[in-house]
Amino acid sequence: MRDLVFVAFLAAIFGMGLRRPFLLVLAYVYIDIVSPQRLTYILLNSVPISLIAVALAVGGWLLMDDKSDSRFTPRQGLIVVLLLYCWATTLGADFPLDAKDKWDWVWKCLAFAAFLPLTLRTRLRIEALLLFMILSAASIIIVGGIKTAAGGGGYGQLDLMVNNNSGLYEGSTISTVAIAIVPLIAWFMRHGTIFRPDWKVKGFCLCLIFACLLIPIGTSTRTGLLCIVLVALLALRNTRRKMLYLTMIGAAALLSVPFLPASFTERMSTIKSHDADESASTRLAVWRWTIDYARAHPFGGGFDAYRGNHIRYEIKTTDGAGPAPDVAERAVVDQARGYHSAYFEMLGEQGYPGLLLWLSISLIGLVRMEVLRRRYRDPAGDFGWAGPLAAALQTAHLVYLLGAAFIAIAFQPFVYMLIGAQIGLDSYLARRRVEAAQVPLRRRKTMDANA
Amino acid sequence: MIDNLSLALTHGLMLLAAWLLLKRPDLDSEAPAPRHWRARRKAPRPAVPDDQPGA
């Protein structure tokens, strides 16, 4: 039954895409985030639905869309360079078969990120892209939110419809993404034009933000908690009454503590005691290994190079209570442990050049969004919507960069779509600025001629 | 039950959004002014506001 509904939904979107090719791009965005083929059993998982969608999206753009306003920006160039560099490291990878498996989806993610801004020629397209990204992620977040509120959660326990722990269905990843989109949802509550921000839209957005905040609790991920703190701090920039805001945030945090499940508070308390925690100790050991590995292999070992690691670390175990409990150190030996950090993932797999490219793509985005945030900060101006959108995209990116310190999500497609939206917004506003600068010049000439 | 409710809600909203986008001309173009000089000649001239010197 669910299969038929998904097929009908996709058929409807593809059908509408024949009239407006940009809807085909949105269809691919939806498929890439939700992966409906994983939620069904018969129909969709027997056809390469993702391939069909991307062929339709690119084909629709090539054949039917106007390309006069499309611009290829330097940051898209960097993404293409990163794509080619990854291809080169895959050819000489330490583990060729595993590397090829990862390459098969990474190249699609990067190629789509370079392509996406070409289609974002109007404000409405940027808004539509973000709306589809949010609603697609919401189909997982709402499930997680309701189940958390109903008491079903825990680290690696929250049932998010799919149990294979990949893509956005992985606990830490969905925590980071759910918190990253909170400022974007808040933007839709004031500036949305597809769904006008009336009481129904605002009510839905508030409920969705609440569900987003519940995800780190439901998945008991420490990364998610850090991301919430970062969003709360960054929101201070846009608040007029800063003291009132801080007081309200503090009060809300205190009031929520009694409602938090014990599994969540227990896991959060391990943030401070990393030397007694196996997960944190593994990370530190793997990161040390990666730094040494990069010294010997400055150009990286290709995808999945972590499979070659052998690590040994010690964790402290405490027996008994009281003022002087017995503390013993236990040695743990492990191998082929994942990076648990996008920065070290890039360093180990793509070496220093890859890490530099990856960081440049992110840092340039952050700087450009800051420029736009300041340039369009006047809410009464023609582009009063653009400043807050740049701020929201910047906050989302910062949350990702924080989450990425603890999860190996260097090539998370959702984030590359956010980067695509940033590039699209930037080039759209640059074009409009040039057009706006040309109009007074023309008018000035007319006035001179008439004088 | 919760899964289907969430999927129905978000997919319904996406369908509605796509339907609303179909009816929005500014999805594909914000500047209707033609660029080519031939097309520009055929297009009606924009009215000059009263407060401008050329009026």
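User: How are H9(A) and H16(A) oriented to each other, roughly parallel or roughly antiparallel?

Analyst: This is a predicted model. In it, H9(A) and H16(A) are roughly antiparallel. Their axes cross at roughly 165° and come within 8 Å.

User: Is that crossing left-handed or right-handed?

Analyst: The crossing in which H9(A) passes H16(A) is left-handed.

User: Which residues meet there?

Analyst: From H9(A), the residues are A:Pro183, A:Leu184, A:Ala186, A:Trp187 and A:His191. They meet A:Pro388, A:Leu389, A:Ala392, A:Thr395 and A:Ala396 in H16(A). By class, this contact has 8 nonpolar and 2 polar residues, with no charged ones.

User: Which residues of H9(A) are buried?

Analyst: H9(A) covers residues 182–191, and its buried residues are A:Val182, A:Pro183, A:Leu184, A:Ile185, A:Trp187 and A:Phe188.

User: What do those buried residues pack against?

Analyst: They pack against H7, H8, H10 (199–219), H11 and H16 of chain A.

User: H8 is on that list. How many of the residues of H8 in chain A are buried?

Analyst: For H8(A), residues 171–180, the number is 10 of the 10, so this helix is largely enclosed by the rest of the structure. Among them are A:Gly171, A:Thr176 and A:Ala180.

User: Back to H16. Where is A:Gly403 placed?

Analyst: A:Gly403 lies in H16 of chain A, a helix that covers residues 386–403.

User: Why does A:Gly403 count as buried?

Analyst: A:Gly403 is buried because 27 other C-beta atoms lie within 10 Å, and the cut-off for a buried residue is 20 or more.

User: What does A:Gly403 touch?

Analyst: Leaving aside residues up to four places away in sequence, A:Gly403 touches A:Thr176, A:Thr223 and A:Cys227. A:Thr176 is one of the buried residues of H8(A).

User: And how far is A:Gly403 from A:Leu226 in sequence and in space?

Analyst: The two are 177 residues apart in sequence, while their C-alpha atoms are 8.0 Å apart in space.

User: So how do H11(A) and H16(A) lie to each other, roughly parallel or roughly antiparallel?

Analyst: H11(A) and H16(A) are roughly antiparallel. H11 of chain A spans residues 222–234, and its axis and that of H16(A) cross at roughly 150° and come within 9 Å. The crossing is right-handed. On the side of H11(A), the contact is made by A:Thr223, A:Leu226, A:Cys227, A:Leu230, A:Val231 and A:Leu234. On the side of H16(A), it is made by A:Thr395, A:Leu398, A:Val399, A:Leu402 and A:Gly403. By class, these divide into 8 nonpolar, 3 polar and no charged residues.

User: A different pair now. At what angle do H2(A) and H4 of chain A pack?

Analyst: H2(A) and H4 of chain A, residues 49–64, pack at about 155°, with their axes 8 Å apart. That makes H2(A) roughly antiparallel to H4(A). H2(A) passes H4(A) in a left-handed crossing. The residues that make the contact include A:Leu24, A:Tyr28 and A:Asp32 of H2(A), and A:Ile49, A:Ala53 and A:Gly60 of H4(A). By class, the contact has 10 nonpolar, 2 polar and 1 charged residues.

User: What about chain B? How many residues are in contact between chain A and chain B?

Analyst: In chain A, 29 residues are in contact with 23 residues of chain B. The elements that give two or more residues to the side of chain A are H1 (2–19), H2 (22–34), H7 (123–149) and H17 (413–450). H7(A) gives the most, with 13 residues. By class, the side of chain A that touches chain B has 19 nonpolar, 4 polar and 6 charged residues.

User: Finally, the whole chain. How many helices and strands are in chain A?

Analyst: Chain A has 17 helices and 2 strands. Its radius of gyration is 24 Å, close to the 22 Å that the globule rule gives for 451 residues, so chain A is as compact as a globular protein of that length. Its C-alpha atoms fill a box of roughly 90 × 55 × 55 Å along the principal axes.

User: What share of chain A is buried?

Analyst: Buried residues make up 44% of the 451 residues in chain A.

Notes. Residues numbered from 1 in each chain as written. Chains lettered and ligands numbered in written order. Predicted model: local features only at pLDDT ≥ 70, side-chain atom pairs only at ≥ 80, totals over all residues. Helix = DSSP H or I, 4+ residues; strand = E, 2+ residues; numbered from the N terminus. Buried ≥ 20, exposed ≤ 12 C-beta atoms within 10 Å, placed from the backbone. Contact = placed C-beta atoms within 7 Å. Axes fitted to C-alpha atoms, helices over the stretch in contact; angles between N-to-C directions. Parallel < 35°, antiparallel > 145°, perpendicular 65-115°, else oblique. Left-handed = near helix turned anticlockwise from the far one by under 90°. Nonpolar A, V, L, I, M, F, W, Y, C, P; charged D, E, K, R; others polar. Rg over C-alpha atoms; globule rule 2.2 N^0.38 Å.
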